[in-house]
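User: I would like a close look at the charged pairs in one structure, with the cut-offs spelled out as you go.

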Amino acid sequence: MKSHPLLSLGLLSLILTAFNSSHRQLYVSMATVNTDSLEFTIWVGFKANNHPPIFDLSGAVPFEVYLTVRRNAEDDADSRDLVILKTGSVFDLPEALEKGLVELVDEASGEVVRHPHNNSDQARSQQVAITKTDTDSFITLPPDVQRRDRPIKTVPLNVTPCLRALVKPELKYHLRLRDKYLGVRWWAWGGPPEPWKDDSEAPPSEHKTLISCGPLRSKTFTVVSEVSIPPKLSISLSLAEKTPVSEGKDGDESEASSPVIQITTTNTGGQPIILKTIGDQPHLKAPGEITDPRARITADSPNVQNFSIVDQETQEDLISNAPVFTTPLAGGSGRGWPRKQFLELAPNEQIIRMVKLPGHRLTPGREYHVSLRRTGCWWACGTLDELFGEGNAVLKRWPSAPTVPLMLESEDVVVFRY
């Protein structure tokens with residue numbers, strides 16, 4: 001019996017469709033397996049040594065950018081250390097810029113600033129020999145034994161000599177990873193290997209390629225010709241006379257007889273300066289540094305947390321230095337900064353402030369040592385009229401120049417027996 005031609009064609013079509021579908025599924029499955037077997041992910045990010053990041057070409061303010069690296073919690077359950085060779089990878093900035101693994105980008109134009117010897121496509125395709133190594137050539141990432149927090153390693157990139165010839169003052173740039181490829185030539189599980197003199201002495205490397213997981217990260221910074229260095233203030237501490245008992249509140253004799261610290265601050269420079277005495281302090285900060293809005297020792301009513309009071313018998317510090325997480329509204333709210341938050345000091349001008357210690361925390365007969373905690377504040381050269389404009393009580397626009405904090409510090413230690 002002969003089959004119908006249309007039936008034969010339909011059957012053949014179904015067979016071909018099933019074969020193609022099966023072949024595609026097999027191809028996708030193999031591709032997935034190959035990808036998993038050829039790549040291993042780690043987490044890589046950027047951070048700078050101050051906030052906002054400033055590259056001071058004069059060198060007065062050090063500038064550094066770091067790569068932070070940790071193991072990927074989703075893909076890594078190995079209990080051994082993960083050891084990475086930095087040489088020739090994104091952790092080796094001169095090589096990374098030359099190969100195009102890391103790019104320097106002009107923020108205004110969006111263009112990549114080319115390294116003089118950059119030939120990224122060719123360099124990335126070549127296997128460069130690993131030269132002599134030492135103990136600083138490796139990064140060791142320990143496992144997260146308790147599965148709570150992946151240890152993070154911070155790798156300095158030594159950016160200043162690499163970037164100085166590539167950047168221009170008053171411009172913004174950012175460093176970024178070009179893609180997820182990290183350029184790592186050698187990595188392994190276990191402890192750091194013995195240093196080697198050339199490629200032939202290197203122990204075997206894991207066959208998988210290390211790549212960065214998650215979105216590609218970057219770090220933006222501003223280049224300046226120089227940053228003004230803050231002046232030094234003369235700050236002395238002394239024990240003032242005790243408050244008379246009659247001035248205590250509600251007959252509280254311990255508070256009425258509390259010791260009082262006198263703070264004498266002098267502008268020893270030759271020009272007037274302005275200090276921000278309370279509230280947000282928009283100066284350069286270290287990574288993770290918490291804004292401290294408490295009233296400084298230059299305010300009309302200084303906060304007692306500016307001081308450390310140590311009981312010499314127990315060595316307990318009676319005054320907590322815990323950060324204050326609430327801050328007055330900054331100028332960005334539209335209200336601006338009131339004039340009363342600032343202090344102007346003329347050359348050789350001296351101010352005196354008083355702080356009463358907490359008498360209820362003191363034990364009669366014991367000796368206490370009082371010292372000033374080192375605290376930064378925003379400052380500027382000039383007068384309040386120059387900053388605010390004559391007659392203005394509110395500063396609407398903050399000066400754009402980056403400011404190194406003026407440190408309020410004293411070597412004096414006040415000793416007393418209560």
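Which residue forms a salt bridge with Arg 80, and how many Å apart are the closest N and O atoms?

Analyst: This is a predicted model, in which local features need pLDDT of at least 70 and side-chain atom pairs count only at pLDDT 80 or more, while totals for chains, interfaces and linings use all residues. Residues are numbered from 1 along each chain as its sequence is written, and side-chain values use heavy atoms, with hydrogens and water left out.

The partner of Arg 80 is Asp 78, and the closest N and O atoms of this salt bridge are 2.9 Å apart. The term salt bridge stands for a side-chain nitrogen of Lys or Arg within 4 Å of a carboxyl oxygen of Asp or Glu. Side chains of opposite charge can pair when their charged atoms come close. Arg 80 has a relative accessibility of 41% and counts as partly exposed, and Asp 78, with a relative accessible area of 24%, is partly exposed as well; here buried means under 20% relative accessible area, exposed over 50%, and partly exposed in between, using a 1.4 Å probe and protein chains only.

By this rule, the count comes to 14 salt bridges. One of them joins Arg 366 to Glu 313, with 3.5 Å from N to O. This pair links distant parts of the chain, 53 residues apart: Arg 366 lies in the loop between β19 (350–356) and β20 (367–372), and Glu 313 in the loop between β16 (307–311) and β17 (337–338). Strands such as these are DSSP runs (E, at least two residues), numbered from the N terminus. Arg 366 is partly exposed, at 23% relative accessible area, whereas Glu 313 is exposed, at 60%.

A further salt bridge is formed by Arg 373 and Asp 317, whose closest N and O atoms are 3.0 Å apart. Here too the pair links distant parts of the chain, 56 residues apart, with Arg 373 in the loop between β20 and β21 (375–377) and Asp 317 in the loop between β16 and β17.

Definitions and conventions
Helix = DSSP H or I, 4+ residues; strand = E, 2+ residues; numbered from the N terminus.
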